[in-house]
Amino acid sequence: MPVQRLNHAVLYVRDVERSVAFYEEALGFRVVMGMRGAAFLQASGSSNDHDLGLFELGPHAGASGAGRSTVGLYHLAWEVDTLAELERIALKLGEMNALVGASDHSTTKALYAKDPDGLEFEVSWLVPADLLTEEVLDGRSGIKPLDLAREKERYGAQTRGGLGVSIPV
């Protein structure tokens, strides 16, 4: 049987409490279990036992060299249901000085941010299958700056993304 989806991710962080506060404020995660030096968080729309595990290494832990000097994970991508939610998160990440980029991959509208330890993550909205035209599919060959106002006008602020793509219909 093939892999179906990512169930959870686990990150090593310097300070669990600081990271928990960040993910709670930025993405609305909630702690479902914690212990000394560790926390397990669940996304608000998730039925997973947990979506993110955090393990504390302490303040002297070095920065990740992944992609610069070592191999390793580049980022995780969290999916949202609507462009209105993507816009809300963009504003929140901007307020937190965590937003580092926003890209239009044609079929995917993406925000890029860094957590307090500099670990990058993505928050994205996927064009639903019934709105994937040849023009949209051909657009995947390039990356453009994200214009959320234009995308909300094109697709609707409340259109549920990912249907028929990441979400079975």
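Alanine 129 is partly exposed, with a relative accessible area of 32%; buried denotes under 20% relative accessible area, exposed over 50%, and partly exposed the range in between, with a 1.4 Å probe and protein chains only. The structure is a predicted model, in which local features need pLDDT of at least 70, side-chain atom pairs count only at pLDDT 80 or more, and totals for chains, interfaces and linings use all residues. Residues are numbered from 1 along each chain as its sequence is written, and side-chain values use heavy atoms, with hydrogens and water left out. Alanine 129 is placed in the loop between β8 and α3 (134-138), where helices (H or I, at least four residues) and strands (E, at least two) are DSSP runs numbered from the N terminus. When residues up to four places away in sequence are not counted, alanine 129 touches Leu163, Gly164 and Val165, contact being defined as heavy atoms within 4.5 Å. The C-alpha atoms of alanine 129 and serine 166 are separated by 9.3 Å, although these residues lie 37 residues apart along the chain.

The domain assignment of the chain gives domain 1 (1-57) and domain 2 (74-158), the bounds coming from an automatic or database domain assignment. The centres of the two domains, taken over C-alpha atoms, are separated by 21 Å. At their interface, 15 residues of domain 1 are in contact with 14 residues of domain 2. UniProt, in an unreviewed entry, lists residues 5-126 for "domain: VOC"; UniProt positions are given in the numbering used here, feature names are shortened, and annotations may be inferred rather than shown by experiment. Over residues 5-126 the chain is 20% helix and 37% strand, and the end C-alpha atoms are 15 Å apart.

An open sheet of 4 strands has the order β1-β4-β3-β2, with mixed pairing; two strands pair if DSSP finds at least two bridges between them. Its edge strands are β1 (9-13) and β2 (30-35), each of which pairs on one side only. Neighbouring strands of this sheet are turned by 20 degrees against each other on average, direction ignored. Axes are lines fitted to C-alpha atoms, for helices over the stretch in contact, and angles run from 0 to 180 degrees between N-to-C directions. Strands β2 and β3 (residues 38-42) run antiparallel and are joined by 5 bridges. Across this pairing, valine 31 stands opposite leucine 41 in β3, and methionine 33 opposite phenylalanine 40 in β3. The hairpin of β2 and β3 has 2 residues between the strands, and glycine 37 takes a positive phi near 80 degrees. Helix α1 (residues 16-27) lies across β1, β2, β3 and β4 (52-56), and runs at about 155 degrees to β4.

In a regular strand the side chains alternate between the two faces of the sheet. Strands β5 and β8 (residues 120-126) pair in the parallel sense over 4 bridges, and serine 124 in β8 is the bridge partner of glutamate 79.

The structure holds 11 salt bridges, a salt bridge being a side-chain nitrogen of Lys or Arg within 4 Å of a carboxyl oxygen of Asp or Glu. Among them, arginine 18 pairs with aspartate 117, the closest N and O atoms being 2.7 Å apart. Arginine 18 lies in helix α1 and aspartate 117 in the loop between β7 (108-114) and β8, so this pair ties together parts that are 99 residues apart in sequence. Arginine 18 is partly exposed, at a relative accessible area of 36%, whereas aspartate 117 is buried, at 11%.

Aspartate 81 forms a salt bridge with arginine 160, with 3.6 Å between the closest N and O atoms. Because aspartate 81 lies in the loop between β5 and α2 (83-95) and arginine 160 in the segment after α4 (148-155), the pair ties together parts that are 79 residues apart in sequence. Aspartate 81 counts as partly exposed at 39% relative accessibility, as does arginine 160 at 40%. The side chains of arginine 150 and glutamate 151 also meet in a salt bridge (3.0 Å, N to O). Arginine 150 is partly exposed, with a relative accessible area of 40%, while glutamate 151 is buried, with 1%. Salt bridges that share partners join Asp104, Lys109, Arg150 and Glu151 into one network.
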